[in-house]
Amino acid sequence: MQTNIGIKAENLASVAKELSKLLADIFVLYTKTRRAHWNVEGPDFHSQHLFFETQYNQLDEVMDGVAERIRSLGHYAPSTLKDFLQLTHLTEQVREKNDSQGFLRELLTDHETIIITLRENINRFANEYGDAGTSDYITGLMEGLEKMAWMLRSHLK
């Protein structure tokens with residue numbers, strides 16, 4: 001069935017395309033956070049292991065919400081590793097060391113990249129595509145990711 005929510009079909013497609021990129025970014029960030037959780041080493045292992053677990057659980061909820069938002073706009077969410085790697089703005093890093101400081105810096109950079117992209121799309125979704133709902137939704141996501149970035153940043157001081 002056609003999605004009839006007061007937004008032109010081509011605008012729904014454009015928003016869904018941008019949300020698909022966001023979903024890919026969050027999936028890659030989630031995977032990198034899991035890697036940090038599994039592989040962190042050093043004298044702060046236990047606390048960092050638990051911290052990364054908290055973060056990947058939060059990202060898991062974000063992923064689900066973004067995928068469901070795409071579906072609510074009448075489109076299918078990307079769901080393969082190939083899709084995610086083609087859509088993401090992020091890169092996979094190959095690390096020589098598994099120290100917490102390196103993981104924290106890398107994850108912080110990725111959070112900030114996603115936050116900037118979200119900020120750039122808030123007004124675009126509302127004004128250009130007429131989708132105030134998704135604009136509001138990504139504003140909330142941005143605020144949540146800003147808090148997660150603050151937590152990462154605080155570990156680096």
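This is a predicted model: local features need pLDDT of at least 70, side-chain atom pairs count only at pLDDT 80 or more; totals for chains, interfaces and linings use all residues.
Q: How many aromatic pairs does a search of the whole structure find?

A: There are five aromatic pairs. One of them joins Tyr30 and Tyr56, with ring centres 6.1 Å apart. Planes over 60 degrees apart count as edge-to-face, and the planes of Tyr30 and Tyr56 stand at 90°, so this pair is edge-to-face.

Q: Which helices hold Tyr30 and Tyr56?

A: Tyr30 belongs to helix α1 (residues 9-39) and Tyr56 to helix α2 (residues 45-72). The two are 26 residues apart, and their pair links distant parts of the chain.

Q: Are Tyr30 and Tyr56 buried or exposed?

A: Buried means under 20% relative accessible area. Tyr30 has 15% relative accessibility, so Tyr30 counts as buried. Tyr56, with a relative accessible area of 6%, is buried as well.

Q: How are the rings of Phe125 and Tyr129 arranged: stacked, edge-to-face or tilted?

A: Phe125 and Tyr129 form a tilted pair, 6.3 Å centre to centre with 45° between the planes. Both residues are buried. Elsewhere, Phe51, Phe52 and Phe103 form one aromatic cluster.

Q: What do the buried residues of α2 pack against?

A: They pack against α1, α4 and α5 (132-155). The buried residues of α2 include Phe51, Phe52 and Tyr56, as well as Leu59, Val62 and Ile70.

Q: How does the span of α2 agree with its number of residues?

A: The expected span is 1.5 Å times one less than the number of residues. With 28 residues, α2 should therefore span 40 Å, and its end C-alpha atoms are 40 Å apart, which agrees. Just after α2, Gly74 takes a positive phi of about 90°.

Q: And what span should α4 have?

A: Helix α4 (residues 100-128) has 29 residues, so it should span 42 Å; its end C-alpha atoms are 41 Å apart, which agrees.

Q: Where is the kink in α4 centred?

A: It is centred on Asn121, with an angle of about 30°. Just after α4, Gly130 takes a positive phi of about 65°.

Technical notes. Residues are numbered from 1 along each chain as its sequence is written. Side-chain values use heavy atoms; hydrogens and water are left out. Rings of Phe, Tyr and Trp (its six-membered ring) pair if their centres lie within 6.5 Å; planes under 30 degrees apart count as stacked, over 60 as edge-to-face and the rest as tilted. Helices (H or I, at least four residues) and strands (E, at least two) are DSSP runs, numbered from the N terminus. Buried means under 20% relative accessible area, exposed over 50%, partly exposed in between (1.4 Å probe, protein chains only). The bend at a residue is the angle between axes fitted to the seven residues ending there and the seven starting there. Contact means heavy atoms within 4.5 Å.
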